[in-house]
Amino acid sequence: MPKGEKLETLNILFIGDIVGNPGIGMVTNFLRGFVDKYKIDFVVANGENAADGKGITDKIAQRFFGAGINVLTSGNHIWDKFQIHEYMMQERNLLRPLNFPKGSFGSGYVVYDLGHKGKVGVLNLQGRTFMYPIDCPFRTSDWALEKIKAETNLVIVDMHAEATAEKVAMGWYLDGKVSAVIGTHSHVQTADERILPKGTAYITDVGMTGPYDSIIGMKKENAMKRFIYATPSKYEAADSDAKIAAVVLAIDRANGKAVSIERILYPAFDQSVNPVPVSNETSGK
Ligand SMILES: [Fe+2]
Ligand SMILES: [Fe+2]
């Protein structure tokens, strides 16, 4: 690049799985602030758990679009609210993983036109390890990228998967072919954000936007019973200690390569020590 020429970046905010009303509240209250602070041009968010933890409704999706989200991605929970199927057929900016069998409702990728700032492709994929054995996400990405790359070289991939290794594999598989591979689904943010050698920003999981006084977003009492009794229990989103989990990506507009990736968890965990009083009389001696 000639000396003095400024690198023009497209700044993208990617918000992790939005869970229930606490997650919706974080997005509607804080999105504008993040957009201003990081000079965001484009917002992607995974909305698969927005409707009390299970799926999303057309009303919630419209609320998100109204709040400034450009594209909503999803995952295995997108099918939980049957009423959304019709909406998914008409709303191109609400995605479901592309590698569900052909004929499933909705779209798995979109090319979004930002006018003079150019076009951004968003591709939603889902892993198969410890999940439904749907079509191959790797081969599906080959097919989709041929189409998307005809229009833009700025491409963001939401890799919705359970196994960390499968997400890491997708990061390496797509290194140099897309701008970013962002993992979702685990609801626990990982600290491995980096830019891979050929210019693809990567994180294994961006984390959950929702209530943290919970078991990955669900009420602790109910979710714990599933593990203790190994039987189904009520599925209900928790309601307190809401946080927003996201990454901010800067992408070189000229070639679609990532320039930076910054991880956000807001508000941060309170790390202060809160000791439990120890009684000397219970030492057992
Ligand atoms: Fe999720
Ligand atoms: Fe999921």
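User: Before we start, how are residues and chains numbered, and what pLDDT do local features need?

Analyst: Residues are numbered from 1 along each chain as its sequence is written, while chains are lettered from A and ligands numbered from 1 in the order in which they are written. This is a predicted model, in which local features need pLDDT of at least 70 and side-chain atom pairs count only at pLDDT 80 or more, whereas totals for chains, interfaces and linings use all residues.

User: OK, how many helices and strands does the protein chain have?

Analyst: The protein chain has six helices and twelve strands, where helices (H or I, at least four residues) and strands (E, at least two) are DSSP runs numbered from the N terminus.

User: And what is its radius of gyration against that of a compact globule?

Analyst: The protein chain has 20 Å, which agrees with the value near 19 Å that a compact globule of 285 residues would have; the radius is taken over C-alpha atoms, and the globule rule is 2.2 Å times the number of residues to the power 0.38. Along the principal axes, the C-alpha atoms fill a box of roughly 75 × 50 × 35 Å.

User: What percentage of the residues is buried?

Analyst: Buried residues make up 44% of the 285 residues. A residue is buried if 20 or more other C-beta atoms lie within 10 Å of its own, exposed if 12 or fewer, and partly exposed in between, with C-beta atoms placed from the backbone.

User: Switching to the open sheet of six strands, what is its order?

Analyst: The order is S4-S5-S6-S7-S9-S8, with mixed pairing, and two strands pair if DSSP finds at least two bridges between them. The edge strands are S4 (109-113) and S8 (194-195), each of which pairs on one side only.

User: Which strands pair with S7, and in what sense?

Analyst: S6 pairs with S7 in the parallel sense over five bridges, and S9 also pairs with S7 in the parallel sense, over three bridges. Among the bridge partners, isoleucine 156 goes with alanine 180 of S7, aspartate 158 goes with isoleucine 182 of S7, and valine 181 goes with tyrosine 202 of S9.

User: How does the chain cross from S6 to S7?

Analyst: From S6 the chain passes through H5 to S7, and this β-α-β crossover is right-handed, in the sense that, with the strands pointing away from the viewer, the path from the first strand over the helix to the second runs clockwise.

User: Is S7 covered on one face or both?

Analyst: Both faces are covered, with Ala180, Ile182 and Thr184 buried on one side and Val181 and Gly183 buried on the other.

User: Now the backbone: which residues have a positive phi although not a glycine?

Analyst: Isoleucine 216 has a positive phi of about 40°, and alanine 230 has one of about 55°. Isoleucine 216 sits in the loop between S10 (210-211) and H6 and counts as partly exposed, with 19 C-beta neighbours inside 10 Å. Alanine 230 is in the loop between H6 and S11 (242-252) and counts as exposed, with 7 such neighbours.

User: Where is the cis peptide bond?

Analyst: The bond from tyrosine 266 to proline 267 is cis, with omega near -10°, and proline 267 lies in the segment after S12 (258-266).
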